[in-house]
Amino acid sequence: YVKENWVTCLEGSDGVLKTLDGTLADSKNAVAREGGAFLFAALSKKLKGASVPFLVSRLEAVVENAGDKKSAECRKASSKGAKAFLKVMNAPAAAQVYDMLMKQAQESTKWQVKVLALELLAGYVEIAPEFVARKMVVVVPAFSDLMWDSKKQVKEAAAKALTEACKCINNNDVQPFVPALVSAISNPSEVEECVHTLAATTFVQTVDASALAITVPLLERGFREKSTATKRKCAVITENLAKLVDNPANVAPFMPVLEPALAKASDEVADPECRSRCAAAHSALQDIAKRGGALKAVEAAPLEKVEEAVKNVIAKVDGASIEGPGKETSFKFVASSARYMTTLQDSTTDDWKEELFASIKALLPAGANKKSDAEEVAKQIHQACLSGEAAATGGVQEEFEEDEDDKHLD
């Protein structure tokens, strides 16, 4: 039935989604909830990317049922259903459900729900690596806390999720130390050795917030150690990393941690060499704060402006429509996905094709909804969102202090 009718059979009074919603929410019937999980998985597998606009808002219910108190079969089916959806989810959808999954991982009273949420978040490295890199400042402390959960299964899932997330760090100097950095989070006895190893490293690549997110927790602990040598090496690491920071915004989230630790050590440590290194690192951080460069947050255009741009592109395609069974939901998702893509300043036309084509196919007429046809539409949408009212604003802005020689050029 779904194979023959595709997304047109999903919505409406007799649509498949009505059945899905009813079974997932049937609190009195564990067999029905299990069936709902099977249906969720089947739709993901059969419709693939075209299912995402319709299932993304229903993922929360499936993940929640992974902690079903009455049925082990329901728990197992829900876990499989959520993971089946992960395989077809695109980056915009991943961004949409990120807050929900983080909340379930951190706040759920059911350990199975926590584990599944962490497993899904671990999968983000494959579908939304740039998104994960931007979220590392939040991800690292959240997963670190869960590595101290009372349940062994949650601890292990959190450690794996953090290790996976660190694959999104685009810094080859830091990458070799990720296993040790992650291990030190749950094993304080390893902090000193990890600090000593990191201090002996020569850093050459530009350091951004994602790289700092995994190294600063180690430095914070290192500055708390009694060992003067460890404090000194933490200062060395801090100074080395600071020299490779291009933009102050990358350091800003960590200043409340590093600056007080360095200021305290430079004043209180008895060893003069250690005090000197801490003072030098402190000065390096202060120099960063004084720089003119700034990373202004990228802000997407209002959704209605992006929708208008997408609608104009679709209107030029013969036989295409944004109205009818399954089409309006798909259109809304294409527009929200395009809006998300505008915030990725390094995204290419190929990226837009990859993220949008599956949902665009639902808007095209039969016979003209091949992948290549949908990709051409995605290309046009990309062009439409590069400028005008649908374009994002912000991003890297450089400011320079004018020197005396420059003034004479005016």
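Mentor: Let us begin with the rule for aromatic pairs: rings of Phe, Tyr and Trp pair if their centres lie within 6.5 Å. In this predicted model, the count by that rule comes to four aromatic pairs. Tyr98, Tyr124, Phe131 and Tyr340 form one aromatic cluster.

Trainee: Why is the pair of tyrosine 124 and phenylalanine 131 called tilted?
Mentor: The centres of tyrosine 124 and phenylalanine 131 are 6.3 Å apart, with 50° between the planes. Planes under 30 degrees apart count as stacked and over 60 as edge-to-face, so the rest are tilted.

Trainee: How do you know that tyrosine 124 counts as buried?
Mentor: Buried means under 20% relative accessible area. Tyrosine 124 has 1% relative accessibility and therefore counts as buried. Phenylalanine 131, at 6%, also counts as buried.

Trainee: What makes lysine 371 a charge over the ring of phenylalanine 357?
Mentor: The charged end of lysine 371 sits 4.9 Å from the centre of that ring, and the distance rule asks for NZ of Lys within 6 Å. The rule also requires a position within 35 degrees of the ring normal.

Trainee: Which residues of H21 are buried, and why are they said to be on the same side?
Mentor: In H21, Ala374, Val377, Ala378, Ile381 and His382 are buried. They cover an arc of only 150° around the axis, which puts them on the same side of H21. An α-helix has 3.6 residues a turn, so residues three or four places apart point the same way.

Trainee: What covers the buried residues of H21?
Mentor: The cover includes helix H18 (303-315), helix H19 (327-341) and helix H20 (349-360).

Note on methods. Residues are numbered from 1 along each chain as its sequence is written. This is a predicted model: local features need pLDDT of at least 70, side-chain atom pairs count only at pLDDT 80 or more; totals for chains, interfaces and linings use all residues. Side-chain values use heavy atoms; hydrogens and water are left out. Buried means under 20% relative accessible area, exposed over 50%, partly exposed in between (1.4 Å probe, protein chains only). Helices (H or I, at least four residues) and strands (E, at least two) are DSSP runs, numbered from the N terminus. The arc is that of the directions from the helix axis to the C-beta atoms. Contact means heavy atoms within 4.5 Å. Rings of Phe, Tyr and Trp (its six-membered ring) pair if their centres lie within 6.5 Å; planes under 30 degrees apart count as stacked, over 60 as edge-to-face and the rest as tilted.
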